[in-house]
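Visitor: I'm new to this one. Can you walk me through it, beginning with the charged contacts?
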Amino acid sequence: MTTPAIAQDDRRFMAAAIALSARGRGLSTPNPNVGCLIVRDGHVVGRGWTQKGGRPHAEAQALNQAMDRAHGATAYVTLEPCFHLSPRGPRCADLLARAGIARLVVALRDPDPRTDGQGAAYLRERGIAVEMGLLADDAARAMAGFVLRQTRGRPHVTLKLGVSIDGCIAMADGASRWITGPDARAHAHMERARHDAILVGGGTLRVDAPRLDVRLTGLETRSPRRILLSRGPAPEGWGGIATPQDIATLDRVDHLLVEGGAGTAAAFLRAGLVDRLLLYRAPIIIGAGLAGIGDIGLTDLAQAHGRWRMTDERRLGADRLEVYEAVSSA
């Protein structure tokens, strides 16, 4: 039986593993951004997160750091250890068993049918105590792209909007630099670094010619792939899709950031393909400017209620960030 003290420690260590997993977001695709801690006698002896391109896995990295101290230890992993064979590296279930861990605490059962409970069963058969489900919702949120790819066959979509108090994204003539201040723009660049790809519409490409890169010192190499939503050809160096539903065809994209244009924002909202909304609101009033979002197909005001829940809000310099998640999102 788990004592209250052990249960509290378990939550603390799993929360730390989930925080570690965020370091791999936007880098680990096609593998999930997993976090792992190896804990012995109350001390962390190994930590890891899925590395760029998906290898090494979080468990392999943590075990390599722990070395022989992993024997008899507890492993905290945000996703069930992989069980399927791969030419890219060993199964994490095998690695944990060979290391001699005594206990495994898993946040989320792997929705990938190649593992889906088999990794946990394999370790239980070898005498390792396995507990699953601790902070599962938090882990699923941290690995939202992987989860949605497995369950719905598409990437997780974040829509970013920088607007005035009255909901405009630009002056009537299209001028939009800059609505928000430097702190909000820096935060938006951090968000870019956490995504595999970034998408704008044809209007934004023609008017703004955006670079869509990450301009933060030390993170310049984390600029996401550029995607154009247009029925015409994409420019050199860009990928292209014709409809929002085509995001399902994007290779190695589990986290997609949508940045550009009222029409593009409306198209994704109309299709029900926005999972998370980043609303950067500047303390300015524009008046007769360009609306942030076009027609999303609502015919009754009642249809607008109950679709979004706020998950975060904060000040960024003079601006305010509000973060919402779609109520129906996995």
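Guide: A salt bridge here is a side-chain nitrogen of Lys or Arg within 4 Å of a carboxyl oxygen of Asp or Glu. This is a predicted model, where local features need pLDDT of at least 70 and side-chain atom pairs count only at pLDDT 80 or more, while totals for chains, interfaces and linings use all residues. Residues are numbered from 1 along each chain as its sequence is written, and side-chain values use heavy atoms, with hydrogens and water left out.

Visitor: How many salt bridges does that rule give?
Guide: The count comes to 20 salt bridges.

Visitor: What does Arg-281 form a salt bridge with?
Guide: The partner of Arg-281 is Glu-322, and their closest N and O atoms are 3.6 Å apart. Arg-281 lies in strand β12 (residues 276–281) and Glu-322 in strand β15 (residues 319–326), so the pair ties together parts 41 residues apart in sequence. Helices (H or I, at least four residues) and strands (E, at least two) are DSSP runs, numbered from the N terminus.

Visitor: Is Glu-322 buried or exposed?
Guide: Glu-322 is buried, with a relative accessible area of 10%. Arg-281 is partly exposed, at 26%. Buried means under 20% relative accessible area, exposed over 50%, and partly exposed in between (1.4 Å probe, protein chains only).

Visitor: And which residue forms a salt bridge with Arg-309?
Guide: Glu-325 does, with 3.2 Å between the closest N and O atoms. Arg-309 lies in strand β14 (residues 308–316) and Glu-325 in strand β15, so this pair ties together parts that are 16 residues apart in sequence. Arg-309 is partly exposed, with a relative accessible area of 34%, whereas Glu-325 is buried, at 12%.

Visitor: Which residues are linked in a network with those two?
Guide: Asp-138 and Arg-141 are linked with Arg-309 and Glu-325 in a network of salt bridges.

Visitor: What about Glu-313? Where does its side chain meet a salt bridge partner?
Guide: The side chain of Glu-313 meets that of Arg-320, at 3.6 Å from N to O. Glu-313 counts as partly exposed at 45% relative accessibility, and Arg-320 counts as partly exposed at 29%.

Visitor: Changing topic. How many aromatic pairs are there in the whole structure?
Guide: The search finds 2 aromatic pairs. Rings of Phe, Tyr and Trp (its six-membered ring) pair if their centres lie within 6.5 Å; planes under 30 degrees apart count as stacked, over 60 as edge-to-face and the rest as tilted.
Guide: One of the pairs is Phe-13 with Tyr-76, which is tilted, with 5.4 Å centre to centre and 40 degrees between the planes. Phe-13 is in helix α1 (residues 4–21) and Tyr-76 in strand β3 (residues 74–79), so far as sequence goes 63 residues apart. Both Phe-13 and Tyr-76 are buried.Phe-83 and Tyr-122 form a tilted pair too, with 5.3 Å centre to centre and 55 degrees between the planes. That pair links distant parts of the chain, with Phe-83 in the loop between β3 and α3 (92–99) and Tyr-122 in helix α4 (residues 118–125).

Visitor: Are Phe-83 and Tyr-122 buried or exposed?
Guide: Phe-83 is buried, and Tyr-122 is buried as well.

Visitor: What sits over the ring of Tyr-122?
Guide: The charged end of Arg-91 does, 5.3 Å from the ring centre. Arg-126 also lies over the face of Tyr-122, at 3.6 Å from the ring centre. A charge sits over a ring if NZ of Lys or CZ of Arg is within 6 Å of the ring centre and within 35 degrees of the ring normal.

Visitor: Now the pockets. What volume does the largest pocket have?
Guide: The largest pocket has a volume of about 830 Å³. On a 1 Å grid over the protein atoms alone, a cavity is a set of points where a 1.4 Å probe fits but cannot get out, and a pocket is an open set with protein on both sides within 12 Å along at least five of seven lines; lining residues have an atom within 4 Å of a point. Grid points are joined across faces, edges and corners, and a volume is the space filled by probe spheres set on the points.

Visitor: Which residues lie nearest the centre of that pocket?
Guide: Lys-160, Ser-176, Trp-178, Asp-208 and Glu-259 do, out of 32 lining residues. Helix α7 gives the most to the lining, with 5 residues.
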